[in-house]
Amino acid sequence: MARILIPSDFSDNAKRAAEYAVSVVGPDHRFIVFNALSYVGLSDPMVASVAVEVYGETEEQVLRWAEEFRSITGAKNVTGRVDSGSVATVVRNIARNEGADLVVMGRSGAGGASLFGSNTTDVIRNTAVPVLAVPVNLPLKSPLRILLANDHNEVDEGNLGMLRTIALYSSAEVLITHIAREKNAGRGDGNRAIFDRALKGVALTFQDHPGEDVPSALAEAAATHNADMIAVLHRHRDLLDRMFNPSVARKLALESVLPLLVLERG
């Protein structure tokens with residue numbers, strides 16, 4: 001049973017991400033729904049008084065939302081809570097003190113204008129927990145094909161655990177894809193033995209896709225092969241930094257509306 005963290009600001013985007021989480025891993029896990037509150041100026045008695053009131057109101061809202069989550073998804077083990085600090089800080093604290101296997105959160109920023117909102121970017125960059133970033137209005141269905149970026153460097157089998165959990169529950173095929181310039185084509189099966197062991201029981205396809213710009217090529221490969229999700233390893237820092245670049249993110253937002261699974265550090 002995995003421990004799945006779901007940050008919530010009570011927006012429709014956050015609710016859709018939470019519902020999608022259950023659709024891809026199933027209801028039989030522990031779901032922790034939390035709202036992160038940051039207080040400034042608590043030394044001021046007036047501010048501290050307001051903070052206590054806001055905390056109480058937020059806690060009531062979280063608990064109501066957790067109950068709604070149970071009712072809508074059928075998940076039984078759902079906890080609602082309020083924690084102090086940024087979303088990334090709360091994720092790190094829960095992961096360190098209680099354990100966490102996955103964070104699921106909305107992918108778009110305010111108004112859906114960018115690929116990642118600031119909280120999602122912060123969590124991906126500054127935590128070691130796998131993150132599933134979910135687009136607004138994504139259909140609530142299990143993925144049939146998951147595209148995993150493969151750079152042919154050695155992979156820690158343990159870092160593929162959440163990908164295997166999702167693929168097995170969804171009966172999804174994993175398309176292990178190497179983005180290559182033409183001269184490097186034909187290397188799509190790199191690390192095959194590692195993937196075979198780490199993703200035991202999952203249908204695997206190894207492939208190459210030509211392209212100079214990796215983020216755009218991943219989106220193109222996903223569209224070409226009808227993928228329902230893209231997965232990358234956290235260690236692909238250059239790739240993630242490129243995806244967070246505003247101009248690249250805007251282009252990807254137009255090219256791809258797929259959820260992104262960022263697996264933990266290698």
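These questions and answers cover a helix packing and the aromatic pairs of a predicted model.

Local features need pLDDT of at least 70, side-chain atom pairs count only at pLDDT 80 or more, and totals for chains, interfaces and linings use all residues. Residues are numbered from 1 along each chain as its sequence is written, and side-chain values use heavy atoms, with hydrogens and water left out.

Colleague: Is α3 parallel, perpendicular or oblique to α4?

Modeller: Helix α3 (residues 87–97) packs on helix α4 (residues 118–126) with axes 8 Å apart, at an angle of about 40 degrees. Under 35 degrees counts as roughly parallel, over 145 as roughly antiparallel, 65 to 115 as roughly perpendicular, and the rest as oblique. So α3 to α4 is oblique.

Colleague: Which residues in α4 meet α3?

Modeller: Contact means heavy atoms within 4.5 Å. From α3 come Val87, Ala88 and Arg92. Their partners in α4 are Asn119, Asp122, Val123 and Asn126.

Colleague: Is the pair of Trp65 and Phe69 stacked or tilted?

Modeller: Rings of Phe, Tyr and Trp (its six-membered ring) pair if their centres lie within 6.5 Å; planes under 30 degrees apart are stacked, over 60 edge-to-face, the rest tilted. Trp65 and Phe69 lie 5.5 Å centre to centre, with 25 degrees between the planes. The pair is stacked.

Colleague: Is Phe69 buried or exposed?

Modeller: Buried means under 20% relative accessible area, exposed over 50%, partly exposed in between (1.4 Å probe, protein chains only). Phe69 has 3% relative accessibility. Therefore Phe69 counts as buried.

Terms used. Axes are lines fitted to C-alpha atoms, for helices over the stretch in contact, and angles run from 0 to 180 degrees between N-to-C directions. Helices (H or I, at least four residues) and strands (E, at least two) are DSSP runs, numbered from the N terminus.
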